[in-house]
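Look at the sequence and the model first.

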Amino acid sequence: MADVTVEQFAQVVGITVDRLIAQLDEAGLANRQAGDTITENEKGALLSHLRQRHGRGAEGKEPTRIVLQRKTMSEIKLSVERRGARTTTKTVSVEFRKRRTYVKRSVMTEGETQKRAEETVERERVLALEQAAQEETRLADERRQEEERQRHEAVEREAQEAEARERARAAEQQAREAPVIVPAPPPQPAAPEQRRPARRQKGDGAPAPGRQELHVATSKSGRRKRKPMARRVVVPISTRHGFAMPTAPIVREVAIPDRVTVAELAQRMSVKAAEVIKCLMNVGTMANINQIIDQETAAIVVEEMGHKARLLNDDALEADLVRTTSAGEAQADPRSPVVTIMGHVDHGKTSLLDYIRRTRVAAGEAGGITQHIGAYHVSTDKGSITFLDTPGHAAFTAMRARGAKVTDIVILVVAADDGVKTQTVEAIQHAKAAAVPILVAVTKIDKPEADPDRVKQELSVHGILPEEWGGEVLFTPVSAKSGEGIDALLEAILLQAEVMEITAVRDGPASGTVIEARLDKGRGPVATILVQSGTLRKGDVLLCGQEFGRIRAMLDENGRFIDEAGPSLPVEVLGLSNVPNAGDEAQVAPDERRAREIAQVRHSRQREGKLARQQAQKLGNVLSQMEEGKASAVNLLIKADVQGSAEALCDALTGLSTDEVRVDIIASGMGGITESDVNLAVTSRAAIIGFNVRADASARRRVEDTGIDLRYYSIIYDVIDDVKAVMSGLLAPEVKETIIGNAEVRDVFRSSRFGAIAGCIVTSGVVRRNSPIRVLRDNIVIFEGGLESLRRFRDDVAEVKSGTECGIGVKDYNDVKPGDQIEVFERVELARSL
């Protein structure tokens, strides 16, 4: 056959051109068009490819695989419900297509066999994991159902007991008030002849005419006999109630918690809320029915109203938890020291820790600055050390204070080429406030401009004296680039820890501190916890501030799963009910019920305190607006990746507020930006700041619809600069007055059209027509206004320069006299900045 085009060959084969081109691509003949020619060799290559794909192989060989295709038709019946009519059935035709490939065992390669074995093992492993997860979920559901069933049974039992008591009381009350019924003596049996019915006279209760009576024979003993009814005799009793007016006031013992509302306090004393409010006014406190008052004020009100106050302590549950989980007389063993690296921004803190850990942590932080607290456990030849790397930027003051609170030793990092800076002094203050020993690491000594003596001199001003100067602080020059002095620094840390004799109890329930917390999209709330005593194990019930939960998994700083963690070890914990606050105390609870009770108490306490602060702020805002006028505000909604960054952003932006422009943080939190966040920003007219987080699809659509301002940041400097620029735009401009000319009045002329016209000579500057003026007499301002007319001879002019005579008409002022001075000025608005 001669060479033909692709289109002609497709017609000969009986398939479409697109399908033939796709088969040619699969056979290695790419980039073919419908008009290209196809040779005999290319046809042979296409035929070989199709045979190999269908299992035929080369020509003359038996097939190595067989592909079977099967198509069957079936019908199913579906029930269709129509509105207002009965249910009908509908028949639907369904086509089933099956394809099955059979391969000869002799041609199955060893690689395919191994691959199938690995796939089988992987499927079995995944199946085992799924079964374990299902079993764990089933057990948790059974435990929850058992707790719900017990709680419902207790509630029902209490309700039944209360109902039984109510019924007994009601029966007793009814028996006490009901009339006494005295039964009449039973009637004597009559003689047989007396049982015969006799005709009764009219009016004696005889039946009506035409009505017959039913007579029962005496021999029918099987019939049911009617019982004789007892005659009721009413005995009169007293109708007075059993209550009497109390002769003395009722004194109750009122339990008062730490915070209580006015309505709740009135309910505890069984009085009206108006009486409690009146008593509060008498003692000098103005409060409404829903306002929260403190325990001392409530106790004074209770005593003023004649009752006894019993003060309740909300910390009793927590004290009981501490007693329950205390290690008692357990033996304390030596533990690894917890070392916090502190210092000014960009002085080499993270790079120093990088060299010790042999990792690259600094490269992963946005802008090369640390914005989270990194907790790492490092094993050296001398021993194990736990490092906490804190940020050095001014906005992360709370994170540095938190790092100094949980540490044993502070390494103060100072760059040899930069010296002591603002955050260096702040780190010294935090370390001294926590009473933590300080070791100084002088970094960047490999630079030519390094001057360690300058660092010692500047630190001595703040009370940090080196040993060679007679002090107690050890100075170690180090270089994170070359590694010089690193070994000496580690030896100094371990020597200081040995002198301090750092110990902790390993056996018993664990306790520690939340270093950092965040909301992970796939794993939920994740908290970084530094264990300080005891051993934290997987499955323990952990209480962190207002949140609690059973630990589902624990990870070390390298992301490996672990089952337990001892003292001085930082771990990431999964399984909490919500994201805790950074700095909260973490404590293992004996059971989930106790943890839930304590968490609820803390949550209610925090909520009441928040409401009290909001009410005080509202009153303060009203008073300040009445006195100073309403100030401009920049409303912001902040979402960050971790709790520490959100806290640092809120503190830094709130600190930018002034008397004229303030920053209001509408809400702050962790995790991605959702549609509800956008709705809240629209309602409060706030801008949204996303710090290392992004908005989901629904939130982005909502942002496009509403036009709300949404900005993403990864460096805190940029956030502060942008917000500061916005606040500067809201500042009222500064008005500056500049005197541009002075004129002296020589004579005054009267005009029927303009009134008094001052004949003047310009002594300095220039006089312009539309500029404001002041009239001075004996250097005292007697009038301030504008020019009505400015003429030279008979011509109107726009301006008159110095040394020239002119006529000036002052608008709305006719008391100009010779000798007065006319001062011409202009007002210029200057933009202000923070």
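Which strands and helices do the buried residues of H3 pack against? They pack against strand E1 (4-5), helix H1 (6-13), helix H2 (17-26) and strand E2 (37-38). The model is predicted.

**Helix H3**
- Helix H3 spans residues 40-53 and has 14 residues.
- From first C-alpha to last, H3 reaches 20 Å, close to the 20 Å expected at 1.5 Å a residue.
- Glu42, Lys43, Leu46 and His49 are the buried residues of H3.

**Aromatic pair**
- The structure holds 1 aromatic pair.
- The rings of Phe783 and Tyr813 have centres 4.6 Å apart and planes at 15 degrees, so the pair is stacked.
- Phe783 lies in strand E36 (residues 780-792).
- Tyr813 lies in the loop between strand E39 (805-810) and strand E40 (821-830).
- The pair therefore ties together parts that are 30 residues apart in sequence.
- Phe783 counts as buried at 18% relative accessibility, and Tyr813 counts as buried at 14%; the cut-off for buried is under 20%.

**Charges over rings**
- Arg694 places its charged end over the ring of Tyr712, 4.4 Å from the ring centre.
- Arg774 has its charged end over the ring of Phe825, 4.0 Å from the ring centre.

Key:
Residues are numbered from 1 along each chain as its sequence is written. This is a predicted model: local features need pLDDT of at least 70, side-chain atom pairs count only at pLDDT 80 or more; totals for chains, interfaces and linings use all residues. Side-chain values use heavy atoms; hydrogens and water are left out. Rings of Phe, Tyr and Trp (its six-membered ring) pair if their centres lie within 6.5 Å; planes under 30 degrees apart count as stacked, over 60 as edge-to-face and the rest as tilted. Helices (H or I, at least four residues) and strands (E, at least two) are DSSP runs, numbered from the N terminus. Buried means under 20% relative accessible area, exposed over 50%, partly exposed in between (1.4 Å probe, protein chains only). A charge sits over a ring if NZ of Lys or CZ of Arg is within 6 Å of the ring centre and within 35 degrees of the ring normal. The expected span of a helix is 1.5 Å times one less than its number of residues. Contact means heavy atoms within 4.5 Å.
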